[in-house]
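Here's a quick tour of a protein model, one topic at a time. Keep the 3D view open and follow along.

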Amino acid sequence: MKRLAHLALLVAAALLLGCATANSSRAPNADLHHLKTFYVVRVPEDERGIEKLIAKRLVTLGFQCTAGDAPTPASPVDAIVTYQDRWMWDITMYMIKLDIQVHDGATGAILANGEVMRPSLQRKSPEGMVEETLGVLFK
Amino acid sequence: MILSKRSAAAAAPIAVFCLLVGCATATKPEAMVADKVAVAHPSSSDVSVAVSGGKETSSAGASQVSNDAFAQALRDSIKNSGLFSAVNASGGRYKLTAFIGKMDQPMMGFSMTVKMEVSYTLADSRSNQSVWSKNIASEYTAKASAAFAGVERLRLATEGAAKANIQQAMTELAALQL
């Protein structure tokens, strides 16, 4: 019975803690290599400035990038970036999941997406989550 | 066999957790099929459907929409409305491709809203030209009363968002003159 209880605890721990995952997918024939200019749309509920972190990382990667509240940029860009950040509480708040989509700047069609999920024990800073998500997206 | 107080105390929260959370089940194609739409100009040509960007469901994760399930729902929706003369697995005069680019699901909650975005392209295989393309966003909320278990509500919300998305696509396709 003791073994059974331990096994049950182990299963529950595995369910609660889970594993970190990082995935990306691209639309058929989507080519991200020709993209040079980006605009990141801030999620209205985001008060942590994740859009600025994404824009900063894209600049670090060698792209031109701006960010703002408007759904479309003031001047045309090659790609528009959207994202969804999910947060959880475990001693402190941490970002458990980040999804980023790259849309065609002209048509709005989604060209590619990337997502990273990191449970509490494998948590990263928001900067780390942005870096990892853009990493899988542009790999 | 009698549980010791200590074992029972350890097992109880796990049992409650499993009862409340349950195991995720994959979305069902039949739940994502769009309602019949009025077709202005039915095509006498056939069409094939290809889907990418979907995900398989793992029992410990959230309900997902797989490529196969979404493709099946698209094929059945096209057949229901008679948009094309036939729907094939591959080949055909027209090729409809759908890329599931966004699937925004809540981690938890009573009412669960799923937001979805799919990029569709219809190409003429003879000319190899795109005749229609559209990025369609949809969402669906499964209220707390829809199901007791959270994973069940999430599946219902995901299927609802997928159905709404396909419904919009069918409405757009029905207006085309091919």
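Start with a pair of residues facing each other across two strands: A:N23 has A:E115, in β6(A), as its bridge partner. Bear in mind that this is a predicted model.

- Strand β6 (residues 110-117) of chain A is joined to β1(A) by six bridges, and the two run antiparallel.
- Zoom out and you'll find six strands making an open sheet with mixed pairing, in the order β1-β6-β5-β4-β2-β3 (chain A).

- Helix α3 (residues 126-137) of chain A lies across β1, β5 and β6 of chain A, and runs at about 135° to β6(A).

**The nonpolar core**
- In soluble globular proteins, nonpolar side chains tend to be buried together.
- Here, the largest nonpolar core has 73 residues. Those with the most contacts inside it are A:F38, A:V40, A:I54, A:V81, B:F70, B:L74 and B:A98.
- Which helix gives the most to this core? That's α3(B), with 10 residues.
- Leaving out residues up to four places away in sequence, B:A98 touches B:V51, B:F70, B:L74, B:V118 and B:Y120.

**Helix α2 of chain B**
- Helix α2 (residues 67-81) of chain B has 15 residues and reaches 21 Å from its first C-alpha to its last, close to the 21 Å expected.
- Its buried residues include B:F70, B:L74 and B:R75.
- The buried residues of α2(B) pack against β1 (46-52), β2 (86-88), β3 (94-104) and α3 of chain B.
- After α2(B) comes B:G82, which has a positive phi, near 65°.

**A spot on helix α3 of chain B**
- B:E152 sits in helix α3 (residues 150-174) of chain B.
- B:E152 counts as partly exposed because 17 other C-beta atoms lie within 10 Å, while a buried residue needs 20 or more.
- B:E152 and B:S63 are 89 residues apart in sequence, yet their C-alpha atoms are 8.4 Å apart in space.

Note on methods. Residues are numbered from 1 along each chain as its sequence is written. Chains are lettered from A and ligands numbered from 1 in the order in which they are written. This is a predicted model: local features need pLDDT of at least 70, side-chain atom pairs count only at pLDDT 80 or more; totals for chains, interfaces and linings use all residues. Helices (H or I, at least four residues) and strands (E, at least two) are DSSP runs, numbered from the N terminus. A residue is buried if 20 or more other C-beta atoms lie within 10 Å of its own, exposed if 12 or fewer, and partly exposed in between; C-beta atoms are placed from the backbone. The expected span of a helix is 1.5 Å times one less than its number of residues. Two residues are in contact if their C-beta atoms, placed from the backbone, lie within 7 Å. Two strands pair if DSSP finds at least two bridges between them. Axes are lines fitted to C-alpha atoms, for helices over the stretch in contact, and angles run from 0 to 180 degrees between N-to-C directions. A nonpolar core is a set of buried Ala, Val, Leu, Ile, Met, Phe, Trp, Tyr and Cys residues joined through C-beta atoms within 7 Å.
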